[in-house]
Amino acid sequence: MRPVLLAGHERALTQIKYNYDGDLIFSTAKDQHICAWFAHNGERLGTYHGHQGAIWTVDVDPTSTILASGSADNTIRLWDIKTGKCLKTWEFPTAVKRVEFNEDATKLLGVTEKRMGHLGSIVVLDVKVDVEAEQNDEKVLTIVCDESKATVAGWSYLSKYIIAGHEDGSISQYDAKTGDLLYNFSIHELNQPIVDIQWSKDRTYFITASKDKTAKLVSAKDLEVLKTYVADTPLNSATITNKKDFVILGGGQAAMDVTRTSARQGKFEARFYHKIFEDEIGRVRGHFGPLNTVAADPTGKGYASGGEDGYVRVHQFDKGYYDFLYEVERERQNKQA
Amino acid sequence: MAPSFENLRDEDLDEDDFDVDDVDISDLKEKYEVQLEQGYDTFVVIDGLPKVTEEQKGKLVKFLLKKLKTVGNTREDLIYMPMGDDGKSMSFAFVEYSSAAEAAAAVRQLDLVPLDKKHTLRVNKMTDVDRYGREGRIDDEYTPPKIEPFQEQEHLRSFLADPSGRGRDQFVLYRGETVGVYWNSEKDQPEPVVERQHWTEAFVQWSPLGTYLTSVHAQGVQLWGGPSWSRQRRFPHPFVNLIAFAPNERYLVTWSSRPIAIPEEGHPALSLDDDGKNYVIWDIDTGKPIRSFAQIDQPVQLDEQGVKKPQKFPWPAFKWSADAKYVARLNQGNSISVYELPKMNLLDKTAIKIEGVMDFEWAPATPQRDSIKTYEQLFCFWTPEIGSNPAKVGLMSIPSKEIVRSLNLFSVTDAKLHWQSDAAYLCVKVDRHSKSKKSQATTLEIFRVKEKGVPVEVVDTIKDTVINFAWEPKGDRFVIITTTEPVGPTAVAPKTSVAFFCPEKAKGNTIGNFKHLRTLDKKNSNAIFWSPKGRFVVIATIHNQQSSDLDFFDLDFEGEKPESDKDLTANLQLMNTADHYGVTDVEWDPSGRFVATWASSWKQQMENGYHVYDFKGEQLREEPLEKLKQLLWRPRPPTLLSKEEQKTIRKNLREYSRVFEQEDADRVNSADVAVVEQRRRILEEWNAWRAVTEEEVAEERDIMGLPMDPVEELIRIKTEQLALDDTEEKVIEEIMEEVLEETEEIVN
């Protein structure tokens, strides 16, 4: 599995997103531009300029028309993917840590930071997937997190719930229409923040990544913890692969906690676990800093990881990956065939 | 309203009339009143004296005084012997000592001492007589003490019978706040025996034969054992820091850096005599203290800057002889005090004076010396050069106090004493300096204790510093680690060499001279761990940030032997090398089958956890455990089989192993089947859950009138738009360049 190294950022990566077709990769970093790349060869399609601070998050609509990004300059921006033009800017009192489109890209949510007397909140905006259209200024909904601030959030299937991960290690389920808190469960170690949430393809379950060195697979409907993946290092990101039943976890000792620079010590590896059996299957090395973000190709052909070292590494899976099956899985496959 | 000058009342004027006695100061009085009763602490009551008349009284008092003065200071006029109505004494007397400590000593040492054939002294503290003997406290009628009915005790050695019939060993894990005991199940998850939260506050420790698990708390020490892990004993030594067992598990030494302070209301186990003491020797069977000791102050040592070095308290301070009949303590530079168990009285009532004595060590087994019929305990000690007298290593036999062997040495900077486990050999590692004190060298002086006259053999002068030495248990080979670099805390681990030594082949039953077998250079190793059964040894690098090698050696390799070693009694073979990052501790299990290595969070924070290897160095298990502090194998008592029985087993090992191998194979198979079954179940559960969820979502979509695939529709619209926007087709070309072959030709 020979990776393509994307060296377009000058600072630590913050998020990587594949588009729906899996042919484009969008990456954000603490330097102030978003990069778009061709997934198959790593050629850069272009960059999006305009943000005045570190960019924390990015998302692309399913038709690969518009791009949303959230930044430390307290704005959410909407971009025309094709031209690189900034279509709209929403301003907030604090930094935006996460943005996500719902399944049909009619709505966009943003998670704002708790700072300077402002409580952390989740805001919902109406969007139109049209580069010509006038975007609405007003927030449709604001959910204020007064208990523990939300670090990440996302839309469930049917845009029915908003699921948020919190700094205290709990997850919440909100009614996406009214903003009412339906459930809040502590699923990770207390006060070990949840730092990433990524969805399964149909958005019925998601994976959380926490600093408590575990990732958990949770159902969106009743917040039941389905699976737990135990790592030996604090995690920064986790993703679910399509086609094959794996999850990929990324993390590593934070730079300030590493006493030695040896790559072995920092555990800067992407770890593959079997989604259903919770066993660790393998690791992919390469980064020489913690992995800040991992993303799986929605078509199941590869994955990309972004590190504190400023590199994006895009991997295409090879035959061994597709052939790997547990005995019981093969048994089942044969039965169905 | 405050009184003003115009309307002063009489009461306000006559300040002088103020009556001091009216002020209620009873609370202050109570607080600060000098407690006079405390003066009675210096008094003792002596009972059991003969009845004497006034004339005989003086004689008795004088006679008594002689005895009383052996423990403290008192005078004739401080003895008060009341006379009865009949003109005779009432067979008791009050005596005042000059201090409470002396009075306490009198009670301890004079009680039950015979005065003559008919009379035995009974000495009690005045305060005790008052406390226990006050009216109403004692029933006039005698009631026999109630004897508790016998209660069946738990079998404390039940752990030796592994319920699975595999003879597994147990180990204790202390991690976070949890203490758990587990069966070692080789490759599989260890099987829990017991697990408790907050079982200990400081650390855990096994007793030397594995009977008890010790937990250490601020209030004292507790012993646990039996199949239900119930509390067996308590030893309430407040703020205890360290503990040490006697080898036979009958006694326990506890030490606290804080002197014991007995509160006024008393202490459940300790008495006023123990006040100010640091060490307590306990009898484990009764749970009672036998004797307590204060710390011996070490002479103050100054470092290079002239600052006082913190005092070092050597541990164990009390060292036990192999049969636990004696326990001894070193008073560095002066003497060794040997105490006799079970009464803990000083052997022959005096400490053994050895001028300059630096260290001593008991033989770990009762030595069997050639042509010596009485088996006595033995310890060795060494003294440095004092004036023109040479340094000396001595072997002393106890209780006869006879010097069995002594050896003079010159130019000694330091010496370390290493006994072989059967007490067959004693190796004294002597660091010597040249006359100019510039260069260092080490010699190994080996005492052959079992041979007649205890001959001493000198092994090689080693130029480098020897940082570690270890005898093969039950064997006669040893390993040393040397380094050329100065020892001390350095960022980079020093380069070390590991050297193996073994005796030459000799005729008959004798053991040949010790010869150098092999040296392995350019290592970082710093620790030697022999298998408890000998033959196998692990050479490790522990406590090191950069390297953490574990080398597994076999000294009786059954393969080809190099020609150069044909006269030696060993065939060295490196079996395997492993790496356990950050390893801090290594321990063999008592059977010598497994080695556990672990990284303790007490010593470093990274990658805490343990590994288990078999004796060949093959890794069986690894488990990262956050906040792992301790892993300790449960020791086993010595085998009950006789030498002959053991030999028979060894001879028929092949037959036994066939049975066990079959069992192992069966178990692996059944375990595999179980795993597959489990996976099948998990997979089915997952698929069932997916099916239900997918159906539910589809239903909801249907009800809400949403398309089944929300994205498909969006993409269809988009592609239609694109088709409208630009009808002309684009050809995207991508040029790939691939170098198939490259040849370079040099043309002249």
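Helices (H or I, at least four residues) and strands (E, at least two) are DSSP runs, numbered from the N terminus. The model is predicted, so local features need pLDDT of at least 70 and side-chain atom pairs pLDDT 80 or more, while totals for chains, interfaces and linings use all residues. Residues count from 1 along each chain as its sequence is written, chains are lettered from A and ligands numbered from 1 in the order written, and side-chain values use heavy atoms, without hydrogens and water.

View 1. Of the 748 residues in chain B, 40% are buried (under 20% relative accessible area, 1.4 Å probe, protein chains only).

**View 2. Where chain B meets chain A.** Here 30 residues of chain B and 37 residues of chain A are in contact (heavy atoms within 4.5 Å). The two chains bury about 3100 Å² between them, 59% of it on carbon and sulfur atoms; this is the accessible area (1.4 Å probe) lost on being put together, summed over both. In chain B, the residues losing the most area to chain A are B:Arg679, B:Leu683 and B:Trp686, together 20% of what that side buries.

**View 3. A salt bridge between the chains.** The side chains of B:Glu700 and A:Lys160 form a salt bridge at 2.5 Å, N to O. Seven salt bridges are counted between chain B and chain A (a side-chain nitrogen of Lys or Arg within 4 Å of a carboxyl oxygen of Asp or Glu).

View 4. Helix 7 (653-704) and helix 8 (710-725) of chain B each give two or more residues to the side that touches chain A. Helix 7 of chain B supplies the largest share, 16 residues.

Conventions
Buried means under 20% relative accessible area, exposed over 50%, partly exposed in between (1.4 Å probe, protein chains only).
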